[in-house]
Amino acid sequence: MKKFINLSPKDSKGLDQPIYKNARHLRKDAFALAETNKSYSSATSLLILSSEEVIKATLVFLHSQEYKVYLIKGAKRFFSDHNIRHEVAQLVEVGSSLMETINIWEEQREKPLFKTKVKWLDWGLNGLNDLVKSAQPLMNSGKRIEKLQEFNDLKNQGLYVNYEDRLLSPQFQIVADEYTTVKNIVERTFKFYKSLRLLYHPSIEKHLSKKKIMKVREDLELLINDAFKDYEFNNKRN
């Protein structure tokens, strides 16, 4: 029986799009539940499910572009293990934050804040300012990764009544602030997928130089095909 994991890159072309469409549908339903019914528990669970789908779409798209994502140890469980997809989301978050850090660093260097008559003082003050500002995405990323590690539990909390020394009802377990935090994290996952799609869109050369496009693609290939070749997804299943 053929499944996503054993399809060739050629046969996987375009299959990410119906997955992404389903992810958007789940996210839309989550927004409706939260905004219309104030049902933040169910909305949070649907948001997390939408993030799992968009991660699946990301993996299928990368495979269709011949990145070796399916060769990473534990990759066979991409499409059956929810925890694995949350772990992929953590990797996506790290990658996104690193790119943000690099972009902020480059922008700060092009537009120095301090300009005195002493060259070494300028260098020191601007360097410190650059460091503080560019480190912020990574600091925020740490908090988001901690929350991503809770996604599977949060998803279940939003759907089921439980008992641990006391009755735990979804409506009281997950409130508006929790929903907003999850929503912001999930939006970054969607943004990463859309950025990948844009990277391979035919009209991308109207906005970026061919050299820049190739550089980004090469960096992505290096990250997936080389940096992750010895990585192994968690082999524990809940």
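Biologist: Lys 38 first. Is Lys 38 buried or exposed?

Modeller: Exposed. This is a predicted model, by the way. Lys 38 has a relative accessibility of 52%, and the cut-off for exposed is over 50%.

Biologist: Where does Lys 38 sit in the fold?

Modeller: In the loop between helix 2, residues 16–37, and helix 3, residues 40–64.

Biologist: What about the phi of Lys 38?

Modeller: Positive, at about 55°, although Lys 38 is not a glycine. Most residues other than glycine have a negative phi.

Biologist: Is Glu 66 buried or exposed?

Modeller: Glu 66 counts as exposed, because its relative accessibility is 60%.

Biologist: Switching to helix packing. How do helix 2 and helix 8 pack?

Modeller: At an angle of about 155°, with the axes 12 Å apart. That makes helix 2 roughly antiparallel to helix 8. Helix 8 covers residues 176–199.

Biologist: Which hand is the crossing of helix 2 and helix 8?

Modeller: Left-handed.

Biologist: How does helix 3 pack against helix 8?

Modeller: The angle is about 15° and the axes are 9 Å apart. Helix 3 is therefore roughly parallel to helix 8. The crossing of helix 3 past helix 8 is left-handed.

Biologist: Now charges. How many salt bridges do you count?

Modeller: Four, with a side-chain nitrogen of Lys or Arg within 4 Å of a carboxyl oxygen of Asp or Glu as the rule.

Biologist: Which residue pairs with Arg 27?

Modeller: Glu 187, with the closest N and O atoms 3.1 Å apart. Arg 27 is in helix 2 and Glu 187 in helix 8, so this pair ties together parts that are 160 residues apart in sequence.

Biologist: Is Arg 27 buried or exposed?

Modeller: Buried, at a relative accessible area of 13%.

Biologist: What does Glu 52 meet?

Modeller: Lys 155, in a salt bridge of 2.9 Å from N to O. That pair also links distant parts of the chain: Glu 52 is in helix 3 and Lys 155 in helix 6, residues 151–157, which puts them 103 residues apart.

Biologist: And are those two buried or exposed?

Modeller: Glu 52 counts as buried because its relative accessible area is 2%. Lys 155 is buried too, at 6%. Under 20% is the cut-off there.

Biologist: What does Glu 53 do?

Modeller: Glu 53 forms a salt bridge with Lys 56, 2.8 Å from N to O. Both lie in helix 3, three residues apart, about one turn of the helix. Glu 53 and Lys 56 are both buried.

Biologist: Last topic, the surface. Which residues form a nonpolar patch there?

Modeller: Val 161, Tyr 163 and Leu 167. Together they have about 350 Å² of accessible area.

Biologist: Where is Tyr 163?

Modeller: Tyr 163 is in strand 1, residues 162–163.

Biologist: Why does Tyr 163 count as exposed?

Modeller: Because its relative accessibility is 55%, and exposed means over 50%.

Key: Residues numbered from 1 in each chain as written. Predicted model: local features only at pLDDT ≥ 70, side-chain atom pairs only at ≥ 80, totals over all residues. Heavy atoms only, no water. Patch = residues over 30% accessible without salt bridge, like charges linked within 9 Å, V, L, I, M, F, W, Y side chains within 5 Å. Areas by Shrake-Rupley, 256 points an atom, 1.4 Å probe, with all protein chains shown as cover. Helix = DSSP H or I, 4+ residues; strand = E, 2+ residues; numbered from the N terminus. Buried < 20%, exposed > 50% of the residue type's maximum accessible area, 1.4 Å probe, protein only. Axes fitted to C-alpha atoms, helices over the stretch in contact; angles between N-to-C directions. Parallel < 35°, antiparallel > 145°, perpendicular 65-115°, else oblique. Left-handed = near helix turned anticlockwise from the far one by under 90°.
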